[in-house]
Amino acid sequence: MDATNALGEFLRARRALIRPEDAGIRRGGGLRRVPGLRREEVAMLAGISADYYLRLEQGRDRNPSLQVLEALADVLDLDAPATAHLIGLTQARPSQTRRPDRSGDRGRAAQKPEPVPPGILQLIDGWPSNPAYVENRFTDVLAANALARALSPTHSPGVNILKAILLDENERELRRDWEELTEAGVAALRANVGPDVDDPRLVELVGELSVRSERFRRLWGRHDVRPKVARVMRLRHPKVGDLELQSNKLVINGTDGLILKVFHAEPGSRDAELLAILGSLTATSSGESRNLTGSDEHQAVDEQ
């Protein structure tokens, strides 16, 4: 990931996805050497000079006007979130304007998870029938209730959801819509981080996934930008079988992009019954653990 020329990287990736005929350009008889549109074709359609567009892609001009950006967004067929992302890439970011910390403390502080507000922790723990967890904008799980962990071990503090879904074979078996989920997850990561592409946590995550996951490399290279939306989560759970749950996200105000994710089933449905069964199994397992711990404590007291 070239954090120093995020704008040029985005423009190159997106023009490669546009078929010339969809942009009103007739294919000639010769072989095209590049996928999608050529630079000069993008420039012509956007009403700017080819030399100026080349400077944008090469990072030699990073302050195009809003009019130019909107024209490029139209040529590249960007939707509203992707257009906002394109415009954001030209804005100055705090991490670019702050003086570097020579001690290296800044990098370590950037990777320290933000604490979850106590009220949110109390809220999700008080939902015995609704799986819920809190994640940051990099999909690191910061808190989760028991039923969320019962749905999947990835819903546990300290786990990165996107990394687990992409790399863990058990997660691939669990997620019946793995292809759709991974595509949406990578696009949502770009939407979440916005123009802050040189954040140390993002650089670390993208670097690891780029090495370990071919699918991630391909999806990340597309530069798709789509915020997370409500969706249906389709699981093949080892204990209760197939179930479908509605997934909703709520942005936690007063935090740096923390998101509360809540799952629920339609009342009276088979999925609701299965979720209740899973909740009972979870409660029973927790009760047995507490009883076992209590027995051990009594035994220890008796032995003293």
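This is a predicted model: local features need pLDDT of at least 70, side-chain atom pairs count only at pLDDT 80 or more; totals for chains, interfaces and linings use all residues.
**His237**

I started with His237 and looked for what its side chain reaches: the backbone oxygen of Ala150, at 2.7 Å.

Residues are numbered from 1 along each chain as its sequence is written, and side-chain values use heavy atoms, with hydrogens and water left out.

Buried or exposed? His237 counts as buried because its relative accessibility is 6%. The cut-offs are under 20% relative accessible area for buried, over 50% for exposed and partly exposed in between (1.4 Å probe, protein chains only).

I then listed what His237 touches, leaving out residues up to four places away in sequence: Ala150, Leu151, Leu174, Leu243 and Leu278. Contact here means heavy atoms within 4.5 Å.

His237 is found in strand E3. Strands (E, at least two residues) and helices (H or I, at least four) are DSSP runs, numbered from the N terminus.

I checked which way the side chains of E3 (residues 231–237) point, and they alternate.

Next came the partner. E3 pairs with strand E4 (residues 241–251) in the antiparallel sense, over 7 bridges; two strands pair if DSSP finds at least two bridges between them. A hairpin of 3 residues joins E3 to E4. Met233 sits opposite Leu245 in E4.

Angles run from 0 to 180 degrees between N-to-C directions, and axes are lines fitted to C-alpha atoms, for helices over the stretch in contact.

How enclosed is strand E5 (residues 259–264)? E5 is largely enclosed by the rest of the structure, because 5 of its 6 residues are buried. E5 pairs antiparallel with E4 over 6 bridges, and Ile259 in E5 is the bridge partner of Val251. Strand E1 (residues 132–135) also runs antiparallel to E5, joined by 4 bridges, with Tyr133 opposite Lys261. E1 and E2 are antiparallel too, over 3 bridges, and Val134 has Ala143 in E2 as its bridge partner.

I moved on to helix H5 (residues 80–88) and helix H1 (residues 6–15), which pack at an angle of about 145°, with axes 9 Å apart. In this contact, Leu7, Phe10 and Leu11 of H1 meet Ala82, His85 and Leu86 of H5. By class that is 5 nonpolar, 1 polar and no charged. Ala, Val, Leu, Ile, Met, Phe, Trp, Tyr, Cys and Pro count as nonpolar, Asp, Glu, Lys and Arg as charged, and the others, Gly among them, as polar.

What is buried in H5? I noted Ala82, Thr83, His85, Leu86 and Gly88. The buried residues of H5 pack against H1, helix H4 (66–75) and helix H12 (178–193). Asp79 caps the N-terminal end of H5, with a side-chain oxygen 3.0 Å from the backbone nitrogen of Ala82.

For helix H2 (residues 39–46) I wrote down Glu41, Val42, Ala43 and Ala46 as buried. The buried residues of H2 pack against H1, helix H3 (50–58) and H4. Gly47 follows H2 and has a positive phi, near 75°.

**Whole chain**

Last, the totals. I count 15 helices and 5 strands in the chain, and 44% of the 304 residues are buried. Among contacts between residues at least 6 apart in sequence, 56% join residues at least 24 apart.

Terms used
A polar contact is a pair of N or O atoms within 3.5 Å; within protein, one must be able to donate a hydrogen and the other to accept it, and residues adjacent in sequence count only if both atoms are side-chain atoms.
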